[in-house]
Amino acid sequence: MKTEKEKMISGEKYNPANPRLVLERARANRICTRYHKKSFNEINMRSRLIRKLIHTNGNFWIKPPFYCDYGYNIYIDKNVMFNYACVILDVCPVRIGEHTMIGPNTHIYTACHSLDSNERLLDVEFGKPVTIGKNVWIGGNCTIFPGVTIGDNAVIGAGSVVTKDIPNDSIAIGNPARIKRK
């Protein structure tokens, strides 16, 4: 039988009030809080702290504040940059390719709730993974919805709400984000 954590990561319905998950969210919150309190010149200490949360293959930059649910579902490749005040709700995997730039106040969501009001009362959630390709530029104040894939070399205009997949080599802008050109 799967644990609530295993169900969560695989996108199945799970109980977010599970004690283990509550503790893991609290751990991520503590690390993020410590990360925010480090000064700019304490870059090595900040890097060590954030590496306790996320998986990475190389250099990356995350400007505080940064918030996430768990951290262990975030996989970022080399030379990825997050600008100020980004949020990742990582109940499912979030994969970000190399040389990607993410603008300030961008939110990436994998967490979902039922559209059925009776089911929402049962305190269950589910998730859908998000994948962002390599060499992507996401402008500031964007929102990336659960289950979305953004292809390599794509550009997402500032303020966009990405509700559907964006193919490689595309520019998408708006709410909802629409492909403007390839």
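This note sets out numbered points on the strands, cores and charged side chains of the predicted model above.

1. Basis. The model is predicted: local features need pLDDT of at least 70 and side-chain atom pairs count only at pLDDT 80 or more, whereas totals for chains, interfaces and linings use all residues. Residues are numbered from 1 along each chain as its sequence is written, and side-chain values use heavy atoms, with hydrogens and water left out.

2. Open sheet. Five strands, in the order β1-β4-β7-β12-β15, form an open sheet with parallel pairing; strands are DSSP runs of E with at least two residues, helices are runs of H or I with at least four, and both are numbered from the N terminus. Two strands pair if DSSP finds at least two bridges between them. At the edges stand β1 (55-56) and β15 (149-150), each pairing on one side only. Between β1 and β4 (residues 74-76) there are two bridges in the parallel sense, and threonine 56 stands opposite isoleucine 76 in β4.

3. Pairing around β6. Strand β6 (residues 86-89) pairs with β3 (residues 66-68) in the parallel sense over three bridges. With β9 (residues 107-109), β6 also pairs in the parallel sense over three bridges. Isoleucine 88 in β6 stands opposite cysteine 68 and opposite isoleucine 108 in β9.

4. Nonpolar cores. A nonpolar core is a set of buried Ala, Val, Leu, Ile, Met, Phe, Trp, Tyr and Cys residues joined through side-chain atoms within 4.5 Å; buried means under 20% relative accessible area, exposed over 50%, and partly exposed in between (1.4 Å probe, protein chains only). The largest core has 36 residues, of which Phe66, Phe82, Ile96, Ile108, Ile138 and Ile150 touch the most other members. Helix α2 (residues 19-37) gives the most to this core, with four residues. Apart from this core lies another of seven residues, including Tyr14, Leu21, Tyr70 and Tyr72. Not counting residues up to four places away in sequence, phenylalanine 82 touches Trp61, Ile62, Lys63, Ile76, Ile88, Ile96 and Ile102, contact meaning heavy atoms within 4.5 Å.

5. Glutamate 125. This residue is placed in the loop between α4 (117-120) and β11 (126-127). Glutamate 125 is buried yet has no salt bridge, and the nearest side chain of opposite charge, arginine 25, is 6.4 Å away. Here Lys and Arg count as positive and Asp and Glu as negative, while His and the chain ends are not counted. The side chain of glutamate 125 makes a polar contact of 2.7 Å with that of tyrosine 14 (a pair of N or O atoms within 3.5 Å; within protein, one must be able to donate a hydrogen and the other to accept it, and residues adjacent in sequence count only if both atoms are side-chain atoms).

6. Salt bridges. The whole structure holds six salt bridges, each a side-chain nitrogen of Lys or Arg within 4 Å of a carboxyl oxygen of Asp or Glu. Lysine 2 bridges to glutamate 12, with the closest N and O atoms 2.3 Å apart. Glutamate 119 and lysine 13 meet at 2.8 Å, N to O; this pair links helix α4 with the loop between α1 and α2, 106 residues apart. Glutamate 98 and lysine 78 meet at 4.0 Å, N to O. Glutamate 98 lies in the loop between β7 (94-96) and β8 (101-102) and lysine 78 in the loop between β4 and β5 (80-82), so this pair ties together parts 20 residues apart in sequence. Lys5, Arg20 and Glu24 are linked in a network of salt bridges.
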